[in-house]
Amino acid sequence: AKRLRVKAPDNLCFVRGTQDWNDCQGEERATYLDSVVPVLAEGVRFLCGTPLESGCCVGRFLRECDLKTGAPLERTCMAAYFLSLGHLERWAKTHPSHLAIFDSFMKMAQKYNFQISLKLWHEVWVVPGNNLHLEYINCHPATGLLPWFEVEELKG
């Protein structure tokens with residue numbers, strides 16, 4: 001097996017933004033799925049499709065699944081590596097794609113007088129390079145962070 005290790009730079013930023021609509025019912029559920037999700041998906045497409053502009057090295061929009069059955073949950077997340085926290089903050093504060101996500105959510109929240117069942121959260125890590133271990137086994141050279149940073153082949 002070919003094992004590669006990416007030598008990550010200092011302060012690489014990982015973000016996981018999660019959307020859980022399990023408790024949403026009726027009209028609130030429809031509003032979220034019809035009005036917010038398409039805008040969210042477009043924002044993730046921008047990030048993943050324009051890494052040099054956005055500073056997002058690699059990202060995915062994921063549907064989460066039950067660990068035991070594999071059945072899809074009513075929860076998604078966007079998981080992404082940014083070159084720095086500054087790149088993430090710049091996108092979140094100023095880019096039209098994130099401003100559109102925020103605006104679509106705020107319209108939904110206002111529509112229901114901020115009494116919504118939708119759960120949203122973000123987890124962000126900024127990691128010193130020597131504390132981040134990224135290994136790829138038998139992967140295509142364009143996988144994940146392989147094309148972005150120095151790579152060493154591991155023996156054995």
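**Close-up views of a predicted model**

**View 1. Phe82 and the residues around it.** Leaving aside residues up to four places away in sequence, Phe82 touches Leu12, Cys13, Val15, Leu47, Ser54, Gly55, Cys56, Cys57, His87 and Leu88. The structure shown in this and the following views is a predicted model.

**View 2. The largest nonpolar core.** This core has 20 residues, and Tyr32, Leu47 and Phe82 are the ones that touch the most other members. At least two residues of the core come from each of strand S2 (12–20), H1, strand S4 (72–82), helix H3 (85–94) and helix H4 (96–111). The largest contribution is that of H1, which gives six residues. Apart from this core there is a second, separate one of 16 residues, with Ala8, Tyr81, Leu132 and Leu146 among them.

**View 3. Gly43 in helix H1.** Gly43 lies in helix H1, which covers residues 26–49. Its relative accessibility is 2%, so Gly43 counts as buried. If residues up to four places away in sequence are not counted, Gly43 touches Trp91, Ser97 and Ile101. Gly43 and His98 are 55 residues apart along the chain, yet 6.1 Å separates their C-alpha atoms.

**View 4. A nonpolar patch on the surface.** Three residues, Leu85, Val124 and Val126, form this patch. Together they have about 210 Å² of accessible area. Val124 belongs to strand S5, residues 119–127. With a relative accessible area of 42%, Val124 is classed as partly exposed, because this class lies between the limits of 20% and 50%.

**View 5. Cysteines without a disulfide.** The model has a count of zero disulfides. For Cys13, the nearest cysteine sulfur is that of Cys56, 9.8 Å away, and Cys13 is in no disulfide. A disulfide needs two cysteine sulfur atoms within 2.5 Å. Cys13 has a relative accessibility of 0% and therefore counts as buried. Cys13 is also one of the residues that Phe82 touches in View 1, and Cys56 is another.

**View 6. Cys65 and Cys77.** The closest cysteine sulfur to that of Cys65 is in Cys77. The two sulfurs are 10 Å apart, which is too far for a bond. Is Cys65 buried or partly exposed? Cys65 counts as partly exposed because its relative accessibility is 41%.

Note on methods:
Residues numbered from 1 in each chain as written. Predicted model: local features only at pLDDT ≥ 70, side-chain atom pairs only at ≥ 80, totals over all residues. Heavy atoms only, no water. Helix = DSSP H or I, 4+ residues; strand = E, 2+ residues; numbered from the N terminus. Buried < 20%, exposed > 50% of the residue type's maximum accessible area, 1.4 Å probe, protein only. Contact = heavy atoms within 4.5 Å. Patch = residues over 30% accessible without salt bridge, like charges linked within 9 Å, V, L, I, M, F, W, Y side chains within 5 Å. Areas by Shrake-Rupley, 256 points an atom, 1.4 Å probe, with all protein chains shown as cover. Salt bridge = Lys/Arg side-chain N within 4 Å of Asp/Glu carboxyl O. Core = buried A, V, L, I, M, F, W, Y, C linked by side-chain atoms within 4.5 Å.
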